[in-house]
Amino acid sequence: MMRRQLTIYSLALMLMIALPGTLSSQITSSPYSIFGMGILEGNASGLSRAMGGTNIAFLTDRAINYGNPASYDGLDSLLTIFEVGIFSKYSVFQTSKEKQSLLNANFRYMAMAFRVSPWFSTSFGFTPYSSVGYNINTKAFLEGTNIEYLKSYIGKGGVNRFYVGGAFSFIKKLSLGVNASYLFGDITHIEASKAYEFSLSDITYLSNFTLNYGLNYQVDVKDWKFNIGLIYSDGKKLRTRNTTIIETKYETEILKSRKYRYSIPTTMGGGLSVRRNYFKAGIDYEWSSWEEADMSSAYYFHTRNSNRISAGFEFPSQGIRKGSVSMVMYRFGGEYRESYMVIKGVPIDYRAVSMGIGIPLKGVVSVVNTTLEFGQNGSIKRDLFRENFVTLSIDLSLRDLWFRKRQYL
């Protein structure tokens, strides 16, 4: 049995190492991703995604919560968790004149967590930080003529994150945590025309290390458990390397590289959660200083400080299933997020409601978490567009009892 467990988790670790080299973090189809670092993907794993992404004050008891590294202290001493998430998203993009629909699906994240000692727990994983993905076709005129041709603007790539984190607890009810993350990836913008057989590719490679800190403190009031969570990460400039390539039917030429500036913001947030038996609820607030994150872009685009607020709750199925390994968990939540983008003077805001269910797998302690999100992003003001979307997320949480002593009769 132990050999089988070690084989499974060794394969999981190898997948985490191999995935960054084979998978792009491109999990969006939004034209807004043409700006800055693209669309930010947030820190919500499977369970918290169904509660509006609320996770700052939740401990990791039945799922991995990499949004607050102090949460790893909630792990059972016998339990090891491995999670993988995928999603499918249907979007309708609308301007003041027309509509277009798109269907997108991709890998979301992979993570693992377990307790090492009574005072230390750890987690590591691979998640997207931001994503770029768009394909815009427009008509243009050949310079100096009235000849019209079709030009395409294509974007792909994004920033990935590989993290290793730990939670320390030397004082009862208080845990401190840190995630050490390596950010890496590339952002590619392409201008091309099939009619004239040319393409101009601007590729920027980004990387750097960053640290994220967390705190969780629990207060017990009779049967109720109240948790306070805090998170903080410092702003940092990303190392960049740029290459511009022009390709025609007859030749390929590498042009002089441009200088781009990309950075991640200082972020801080707080959360409050309450739990009693199998019921829990929470609320989060998060602030990011994107205004100081200088990014080269179009003159009508600039960054702003952003705020995020979310709330959610979870409760169990009733009847004979309650408290058993076949207990089903129901989750609901909502989120409002100010994007760091302001385009043509219009702030880009995101809002969504979510619902989900945790379905146990027969005969084991593992769970399939499914989430439906209904939301809206952007605005149709000043010739911009609004995105209405429905997202289905499926997150598999595999849990195993690694360190239990087995008895043989």
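A polar contact here is a pair of N or O atoms within 3.5 Å, where one must be able to donate a hydrogen and the other to accept it. Keep that in mind as we walk through this structure, which is a predicted model.

Let's start at threonine 204, which sits in strand β7 (residues 198–221). Its side chain makes a polar contact of 3.0 Å with the side chain of asparagine 242. Threonine 204 has a relative accessible area of 2%, so it counts as buried, since the cut-off for that is under 20%. Beyond its neighbours within four places in sequence, threonine 204 touches several residues, including Asp186, Arg241 and Tyr260.

The model has 20 aromatic pairs. One of them joins phenylalanine 93 and phenylalanine 385 edge-to-face, at 5.6 Å centre to centre and 70° between the planes. Phenylalanine 93 belongs to strand β2 and phenylalanine 385 to the loop between β19 and β20, so this pair ties together parts 292 residues apart in sequence. Both phenylalanine 93 and phenylalanine 385 are buried.

Phenylalanine 120 and phenylalanine 168 make a tilted pair, with 5.0 Å between centres and 35° between planes. Here strand β4 is linked to strand β5, across 48 residues. Phenylalanine 120 is buried at 18% relative accessibility, whereas phenylalanine 168, at 31%, is partly exposed.

Finally, look for the cluster that ring pairs build from Phe107, Phe126, Tyr182, Phe184 and Phe209.

Terms used
Residues numbered from 1 in each chain as written. Predicted model: local features only at pLDDT ≥ 70, side-chain atom pairs only at ≥ 80, totals over all residues. Heavy atoms only, no water. Helix = DSSP H or I, 4+ residues; strand = E, 2+ residues; numbered from the N terminus. Buried < 20%, exposed > 50% of the residue type's maximum accessible area, 1.4 Å probe, protein only. Contact = heavy atoms within 4.5 Å. Phe/Tyr/Trp six-rings, centres within 6.5 Å; stacked < 30°, edge-to-face > 60°.
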